[in-house]
Amino acid sequence: MSQNNHYTGLTDAEVLESRRKNGGNILTPPEKDSLFMRFLEKFGDPLIIILLIAGALSIGISCYEYFSLGQGAGVFFEPLGIFIAILLATGLAFNFELKADKEFALLNQVNDDEPVQVIRNGNAMQIAKKDVVVGDIVILNTGEEVPADGELLEAVSLNIDESTLTGEPICHKTTDSALFDKDATFPSNHVMRGTKVMEGHGVMRVFAVGDKTENGKVFEAAQIDDSVKTPLNEQLDGLGDLITKVSYGFAAAIIIGRIILYFLNVPEFDWVSFLAYFLQTLMVAVTLVVVAVPEGLPMAVTLSLAYSMRRMLKTNNLVRKMHACETMGATTVICTDKTGTLTQNQMQVYKTNFFGSEGDTQLFLEGMAVNSTAQLDLSASKPQVLGNPTEGALLLWLKEQGADYAELREKASRIEELPFTTERKYMATVVKSSTGKTILYVKGAPEIIFGMCKNTAGVTKAEIDAQLLEYQNQAMRTLGFAYQELGDKDVAIADGKIVATNLTFLGIVAISDPVRLDVPDAVKEVTEAGIKVKIVTGDTPGTAKEIGRQIGLWNDKTDTDRNIITGVEFAELTDKQLKERVGDLKIIARARPMDKKRLVEALQANNEVVAVTGDGTNDAPALKAAHVGLSMGDGTSVAKEASDITIIDNSFSSIGRAVMWGRSLYQNIQRFILFQMTVNVAACFIVLFGAFMGMQSPLTVTQMLWVNLIMDTFAAMALASLPPSASVMKEKPRSREAFIINRPMWRSIIGVGGIFFLFLLGLLYYFEHTDITSLTEIGKVAMGANTGLSGYELSLFFTIFVFLQFWNMFNARAFETGRSAFHFKGCGGFVLIALVILVGQILIVSVGGDFFNVEPLKFTDWVIIICGTSVVLWIGEILRLFRK
């Protein structure tokens, strides 16, 4: 380039000094915690904390039983089981997030070694992007990414794609102050790191590198962790508080009640006997606390999230943060950008209005091909536009018509060219046509091209204006086309303008960045699910409003100026004003990089659960601040790094699927809580009443370990594997204040748990006052004095207890589905795991022996227990039938 001759650039010494003073051109990567610290984070879960406390109490009891009472090492099985449950839940969560991070790393590789052309020591040379320093003279060419922030020294037909920073796909850059765009987000003579040269060329002097660039500032803002609590965490916190209060209340009732009984029944107080009695009471109280804690719940939550995480990947949602699976189900607002998310981010010809004769058709096609600086990259399966996206749309249209633009260019030799400028608003090219004639082709703003034409093909200015107004109202760009055959002595271009006077108007082309085909239906789906959608874009209010109309978000009859705002107006709002108005806003146009983040924070202040979609660097702070950040698969690395979920196929409809998965996942967690808490209510009341009635504990430590850890883990897997239901999209988002256990769940837990308790208490009393060897003897053996529980009776009680829970698992599975528990379509995993639990219980009782404190049962007893306890399922089915 000629610039090489008069720009000397920095010397080697100045480069070193600039790097020392201003730093290198690398974005400082976010500081990542070590694997160990990331693993420790999993122990901050509220339910895990309760389990840790229960485990510590259980160790205390076991130590007392082992060292003071001389019992065997088997007393340590319960604390061991609790800590196994903790390690399984935390380990699984850690492992799944680690796998997702590896998949994400492959998707988000960044290259800081891309070559950049600079002038140093008076010579043009290539250096790595990371080596650019403040003061460097950088040469910019079409197709290159701008390596740092700089001020333009020269600009020739320079158009920059700033969509990664502002959402604007094309911004004209110039060094002529008279042509500066006062409304532009960044000055017209500044180019920013991470943007792309779409056409033209230029020279810039770097004034900011690395973290000091606009790109770097946004990247840094994206690292700020606002520690937004997810709705599920808030609700599990509430459940943890409830379990803690209830279990401690029950424990206190046991201690106080038994002490009162002691003083009522013991005629003479004795410190030694009282201390022994008090320690025994304390053990019973701590046992109740341990029994009340749902050991399987953290595992259920983890398995549900992990299962959804893997399945959502198949629906093009790469989940990086496990909580994001469920949080999508609680989302009340989605803030989305326009370009690349709602639209295809590829300009296309919407309509051609050709006014010439049939003989002019070939001229129309040839003019499109030769009077253009764009190119098409046809090496991939989908053609990629190189250069101006508007001109690229014309070449894509030619390809659709079966015309090869490259062949048309080869057949017509270019004689003279007048480049497009914002001042002229047109471009002209003189060629030796394939017809052998010399032809001038002109394209540009239709009203200007039409005004230059002598021959208008019978079209009036009023007709042209009407067509232009129609297209502009639809947020489309328009181009007008004209031509003139030139004689040997005719002059077409002089003094930087067209001087030809016999131009013929060919027609108008309307060009748009079309809405993705799936977006209107996807927006309708999420709005019908009670989720509000807000568009945040760097585009003009008119364009943004039209896109809103096309996707069904903006209604001219009901929406007013209160529902749309520009970035400048948005910035002028105080926090109080914004909080009052933010609920009504549907569109923010001409938005700046940090506007979306402020919008998210304002919505969160109004107790909304916010999801943000974005593909540009400008979206990163908002993606980070939101409850769920959704980046696009072809988005910038900064956006993807800040997000929780990456939508691989860039489709807005994938967001609807993520909401469906999240809501279904929450229901699955509720179903497990319903199942587990019913078990715990029955077990807690047995411990509580047993403490006052002097009953022998019917369930051993190892038996409770099977029920609370192994069986509940299997139940968690079974309930987590239930497929998502499309019916959840007909409901409104749940309230953040709503407790995870709703009213129908409370009725079921207390009702069913209470019935189980009364039945088991009666059974326990009957077994203690009889000596039966088979269930067939029930009603035939007279009740007598309390003879305790035989080994066979303990085995019967344990098996009945387990099968009551087993059949109740089917009821929990059908909870709030409106379907029968026998609806197994898509639930093969549930059926398989139910069979594993069934076979596992039979094996434990048949061969468990002393370890599980059981004796093998007779075949008739197995049949009676399995069939008799199934009444739980049949009653549930009858109740579901009546509710329909």
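Buried means under 20% relative accessible area, exposed means over 50%, and partly exposed lies in between (1.4 Å probe, protein chains only). I am putting that first, as I will need it below.

**Entry 1: ground rules.** I am working with a predicted model, where local features need pLDDT of at least 70, side-chain atom pairs count only at pLDDT 80 or more, and totals for chains, interfaces and linings use all residues. Residues are numbered from 1 along each chain as its sequence is written, and side-chain values use heavy atoms, with hydrogens and water left out.

**Entry 2: Asn25.** I looked up where Asn25 sits, and found it in the loop between helix H1 (12-22) and helix H2 (35-41). Helices (H or I, at least four residues) and strands (E, at least two) are DSSP runs, numbered from the N terminus. Is Asn25 buried or exposed? Asn25 counts as buried because its relative accessibility is 0%.

Next I checked its polar contacts, meaning pairs of N or O atoms within 3.5 Å; within protein, one atom must be able to donate a hydrogen and the other to accept it, and residues adjacent in sequence count only if both atoms are side-chain atoms. The Asn25 side chain reaches the backbone oxygen of Pro147 at 2.9 Å. It also reaches the backbone nitrogen of Gly210, at 2.9 Å. I then listed contacts (heavy atoms within 4.5 Å). Leaving out residues up to four places away in sequence, Asn25 touches several residues, including Lys129, Val132, Arg193 and Val209.

**Entry 3: salt bridges.** A salt bridge is a side-chain nitrogen of Lys or Arg within 4 Å of a carboxyl oxygen of Asp or Glu. Side chains of opposite charge can pair when their charged atoms come close. How many salt bridges does the structure hold? I noted 20.

I picked out Glu485 and Lys437, whose closest N and O atoms are 3.3 Å apart. This pair links distant parts of the chain, 48 residues apart: Glu485 is in strand E16 (residues 477-486), and Lys437 is in the loop between strand E14 (426-432) and strand E15 (438-444). Glu485 is partly exposed at 40% relative accessibility, and Lys437 is partly exposed at 41%.

**Entry 4: further along the chain.** Lys586 forms a salt bridge with Asp559, with the closest N and O atoms 3.1 Å apart. These two are 27 residues apart, and both are in loops. Lys586 counts as partly exposed at 22%, whereas Asp559 counts as buried at 10%.

I also found Asp556 and Arg549 in a salt bridge at 2.8 Å, N to O. Glu546 joins Arg549 and Asp556 in a network of salt bridges.
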